[in-house]
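Please look over the sequence and the model shown below before reading on.

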Amino acid sequence: MVKDKDAEKPRIYIFINNEIKDNIKEMFLGIEEEGIPFEVKKFRNYNSKKLASMASDASLLGVGIGIDKKNIILHQEKLEPDKYVFSISLNSKSEILREVGECAARIVKKVPFKNKYL
C-alpha cells in the first residue's frame, strides 16, 4: 500500500478481516477518548499481523491495528512487519479492548501507556 501524504488526513487505521462480526466498539472508544481520529477498513484473506503492519504503513501517524478471527494486534511503523506492540485475543474483556485503543492513540500522542490491564 502506498501512502499519498497530500490526499490523506492523519488517522489510525484499523484493518479488519471481512469475517469479523464481534463487537470491538470498546477499542474504538479508547481511541476516541484520547482524541485521535481513526478509520476502519475491511480486507480478505489476511491475518492480524499482516493487517496491522499494512495499517501502520498506510497511516500518516504510523500506527495501525489488525484484527482477524482470533487476534487483535497493535503495530507501529518503525517495527519490523512480524513484530508488534501488543497482541490480544479477539475475545478479550471490554476493558482490555478499550486499553488497546488508548495505547494506539497514546503512541501517536507520545505519552506513556496507562497499563491498567495489559
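Which residue, just after α3, takes a positive phi? That residue is K110, and its phi is about 60 degrees. Before going further, note that this is a predicted model, in which local features need pLDDT of at least 70 and side-chain atom pairs count only at pLDDT 80 or more, while totals for chains, interfaces and linings use all residues. Residues are numbered from 1 along each chain as its sequence is written, and side-chain values use heavy atoms, with hydrogens and water left out.

The names of helices and strands also need a rule: helices (H or I, at least four residues) and strands (E, at least two) are DSSP runs, numbered from the N terminus. Helix α3 has 16 residues, and at 1.5 Å a residue these should span 22 Å, which agrees with the 23 Å between its end C-alpha atoms; the expected span is 1.5 Å times one less than the number of residues. A residue is called buried when its relative accessible area is under 20%, exposed when it is over 50%, and partly exposed in between (1.4 Å probe, protein chains only). Twelve of the 16 residues of α3 are buried, so this helix is largely enclosed by the rest of the structure. Among the buried ones are I96, L97, V100, E102 and R106, and the buried residues of α3 pack against β1, α1, β3, β4 and β5.

Much of this packing can be followed through the nonpolar cores, where a core is a set of buried Ala, Val, Leu, Ile, Met, Phe, Trp, Tyr and Cys residues joined through side-chain atoms within 4.5 Å. The largest nonpolar core has 25 residues, and those with the most contacts inside it are I14, I24, M27, I65, I67, I72 and L74. At least two residues of this core come from each of β1, α1, β3 (63-67), β4 (71-76), β5 (86-89) and α3, and α3 gives the largest share, eight residues. If contact is taken as heavy atoms within 4.5 Å, then I24 touches I16, I67, I72 and L90, not counting residues up to four places away in sequence. Apart from this core lies another, of seven residues, among them Y13, F15, A55 and A58.

The aromatic rings form a further set of links. Rings of Phe, Tyr and Trp (its six-membered ring) pair if their centres lie within 6.5 Å, and planes under 30 degrees apart count as stacked, over 60 as edge-to-face and the rest as tilted. By this rule there are five aromatic pairs. One of them joins F15 and F43 in a tilted arrangement, 4.5 Å centre to centre with 45 degrees between the planes, and it links distant parts of the chain, since F15 is in strand β1 (residues 12-17) and F43 in strand β2 (residues 38-43), 28 residues apart. Both F15 and F43 are buried. The pair of F28 and F38 is stacked instead, at 5.1 Å centre to centre and 20 degrees between the planes. Here F28 is buried, with a relative accessible area of 18%, whereas F38, at 24%, counts as partly exposed.

Charged side chains remain to be considered. A salt bridge is a side-chain nitrogen of Lys or Arg within 4 Å of a carboxyl oxygen of Asp or Glu, and a search of the whole structure finds seven of them. E34 is buried, with a relative accessible area of 10%, while K109 is partly exposed at 38%. E34 also forms a salt bridge with K114, the closest N and O atoms being 3.8 Å apart. K114 lies in the segment after α3, so this pair ties together parts that are 80 residues apart in sequence. Salt bridges that share partners join E34, R106, K109 and K114 into one network.

Leaving aside neighbours within four places in sequence, E102 is in contact with G30, I31, E33, E34, K114 and K116.
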